[in-house]
Amino acid sequence: MEPIIRISNLSKIYRVGNEKVVALDGVNLDLIKGEFCCFLGTSGSEKSTLLNVLAGLEKPTKGSIKIKNVSIERLNEKKLAQFRQRNIGFIFQSYNLVNYLDAVENVSMPLMFKGASKKERIKKSIVMSSLMYFLLMSLLTYGFKTNIPFIILIIVDIIGSYSGKYSPFFYS
Ligand SMILES: Nc1ncnc2c1ncn2[C@@H]1O[C@H](COP(=O)(O)OP(=O)(O)O)[C@@H](O)[C@H]1O
Ligand SMILES: [Mg+2]
């Protein structure tokens with residue numbers, strides 16, 4: 001089967017003053033559609049660098065990354081941003097949420113760049129947030145009762161966003 005992601009001879013060298021930090025050194029990897037892959041390693045073992053380069057957030061020093069047959073290291077910033085938006089999802093270790101936006105606004109932000117109307121953005125993100133929340137909570141806990149305060153918080157947040165009023169539930 002044709003790989004959906006092909007990494008060939010990938011290298012990333014950071015320059016810190018006069019020093020060179022070789023973060024990735026000739027990485028080769030094929031991933032096929034539907035494959036689930038984990039990178040495990042101690043701190044500093046290049047996991048984040050590999051993911052950043054793989055997602056097109058950083059340019060490699062050498063080598064190529066083909067995703068769906070597109071060599072993403074050759075794309076200019078604009079094309080790369082479009083490609084990321086259509087093909088790549090990323091959950092950041094540090095969340096990278098926008099502090100002054102509430103939960104639903106954070107969820108709906110990518111839809112803004114797709115040109116969705118405000119009404120559509122809010123509707124879609126409320127449905128998604130609620131589904132994800134209930135799914136996660138029912139998977140992660142033994143009983144549902146303990147989650148009721150959190151559910152109330154989420155609902156208050158959603159209503160606050162929907163009515164355009166100040167929302168009490170912010171990320172920080
Ligand atoms: N922006 C950077 N500038 C210089 N060195 C970096 C930079 N980012 C990462 N490194 C170095 O690259 C190596 C791999 O780091 P990283 O990919 O963050 O590892 P991990 O995510 O596995 O903890 C480390 O030696 C780190 O210090
Ligand atoms: Mg890391």
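1. Glu46 lies in the loop between S2 and H1; helices (H or I, at least four residues) and strands (E, at least two) are DSSP runs, numbered from the N terminus. Glu46 has a positive phi of about 85° although it is not a glycine. It is partly exposed, having 16 other C-beta atoms within 10 Å. The classes used here are buried for 20 or more other C-beta atoms within 10 Å of a residue's own, exposed for 12 or fewer, and partly exposed in between, with C-beta atoms placed from the backbone.

2. The model is predicted: local features need pLDDT of at least 70 and side-chain atom pairs count only at pLDDT 80 or more, while totals for chains, interfaces and linings use all residues. Residues are numbered from 1 along each chain as its sequence is written, and chains are lettered from A and ligands numbered from 1 in the order in which they are written.

3. Glu46 is also one of the residues that surround ligand 1, a group including Tyr14, Val16, Gly44, Lys47 and Thr49. A residue counts as near the ligand if its C-beta atom, placed from the backbone, lies within 6 Å of it. Two or more residues of this shell come from each of strand S1 (5-16), strand S2 (19-31) and helix H1 (47-54). H1 gives the most, with three residues.

4. By type, the shell around ligand 1 holds four nonpolar, six polar and two charged residues. Here Ala, Val, Leu, Ile, Met, Phe, Trp, Tyr, Cys and Pro count as nonpolar, Asp, Glu, Lys and Arg as charged, and the others, Gly among them, as polar.

5. After H1 comes Gly56, with a positive phi near 75°.

6. S1 and S3 pair in the antiparallel sense over five bridges; pairing requires that DSSP finds at least two bridges between two strands. Ser11 stands opposite Lys62 in S3.

7. S3 also runs antiparallel to strand S4 (residues 70-71), joined to it by two bridges. Ile67 stands opposite Val70 in S4. The hairpin of S3 and S4 has two residues between the strands, and Lys68 takes a positive phi near 50° there.

8. Asn69 is in the loop between S3 and S4. This residue is not a glycine, yet its phi is positive, about 70°. Asn69 counts as exposed, with 9 C-beta neighbours inside 10 Å.
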